[in-house]
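Me: I'd like a close look at one part of this model, please. Keep it friendly, as I'm new to this.
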Amino acid sequence: MKFQEIKNNIYYCGLNDCDRRIFDELIPLEHGTSYNSYLVKGSEKTAIIDTMYPPKTKEYLKRLVDNQVGKVDYIIANHGEQDHSGSIPALLEKYPNAIVITNPKCAENIKSMLHVPDEKIRVIADGEEVSLGDKTLKFIFAPGVHWPDTMFTYIKEDNVLCTCDFLGAHYTFSDVFAVESKELEKSAKRYYAEIMMPFRMMCKKYTQMIKDMHVDVILPSHGPVYTNPDYILDLYADWTADAPKNLVTMPYVSMYNSTKEMIEYLSNKLEENGIQTFKFDIVDDDLGDLAMSLVDAATIVMGTSMVLAGPHPMAVNVAYLAAVLRPKAKFGALIGSYGWGGNLFGKIGELLAPLKLDLIEPLQVKGKPKEEDFKKLDEIAQAIYEKHKSLNLV
Ligand code: FEO
């Protein structure tokens, strides 16, 4: 298929992966993903910015040949992760005169992970520029969105910024230019939640930096290209804001419906008080939806059944995931039901500790909840209401 021109001799030469159903073996993908690669033809030199996911290398090289890419002078590695750098060795074989341009940390990564030889790498400094003739590439180090080796490449004369994984989306397309829609917004948020949220403060910093650059086009490494940069930058400004929203996320696992009954009762009480809730069945629901709700939630209420004297392993898994995603939630509560005894919340509390949640008195119930337990759930609902009110959320 013919390369799509983005602007003035800058072409999209990446590939869609419509069949991919999960990323990082963790979060399901609703729309597959794309591995973006960009060809920049200057008057003297030609550069490729980011390459390809290894299983797609053959198809990628064929695409370059089909589009008569006869020479490549520079391969720009914005980041060492293999979905973008994995095809560098094959590309160097195909274009033996090419050299890889990257930052010191990424150079170490591609040398050790992909065995790219030292003599094929040119290491640049933050802010350094490389001329392609009538185009100049400027490299901007952006550690933390999301690896320490991440950098952006700015094509100065065209006011175009390649943002690596930052501002991306797991999304496929026939036309590379973003069509603003609820579906795209959802995919970008799901991607932010899984990949970028643990680095929220860095994301906030680079969102503002790019806003201040007033670029014309944003070229991320996954998902469509943004010719209206404010669309994705405004979404990021919202997701990375310090203040949470008036939302309680409620992941639960329930073996005999008692914990589920407690979650549903508490959810109804909260909704009656004007607080939005998101109930998440840990066994059946999509982890991406949970991650997205954690982008905004002020409170996390976890519900679990007891298995062998401890919390249900599926609840432990979600508590661990919530902790590594580092959401901005401020408050928490633990509720659940047990059969013959044990420690229902100890492990979950331990896993959630890094979030430093202000925890409300937990509630554990033997078997089915009784009238007195529902009264305690009323108290938890009231406590959450007061906490949200303290942040002016209700
Ligand atoms: Fe899309 Fe960090 O690789």
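In what order do the seven strands of the open sheet come, and what is the pairing?

Reply: A quick note before we start: this is a predicted model, where local features need pLDDT of at least 70, side-chain atom pairs count only at pLDDT 80 or more, and totals for chains, interfaces and linings use all residues. Residues are numbered from 1 along each chain as its sequence is written, and side-chain values use heavy atoms, with hydrogens and water left out.

The order is 1-2-7-8-9-10-11, and the pairing is mixed. At the edges you'll find strand 1 (4–7) and strand 11 (121–123), each with a single partner strand, so one side of each has no neighbour in the sheet. From one strand to the next, the twist averages 30°. (Strands are DSSP runs of E, at least two residues, numbered from the N terminus; two of them pair if DSSP finds at least two bridges between them. Angles run from 0 to 180 degrees between N-to-C directions, with axes as lines fitted to C-alpha atoms.)

Let's walk in from strand 1. It runs antiparallel to strand 2, joined by three bridges, and lysine 7 sits opposite isoleucine 10 of strand 2. Next, strand 2 (residues 10–12) pairs with strand 7 (residues 38–41), again antiparallel and over three bridges. Here tyrosine 11 has leucine 39 in strand 7 as its bridge partner.

Strand 7 also runs antiparallel to strand 8 (residues 46–49), with four bridges joining them. Valine 40 faces alanine 47 in strand 8, and a hairpin of four residues takes you from strand 7 to strand 8. As background, strands of a sheet pair through backbone hydrogen bonds, either parallel or antiparallel.
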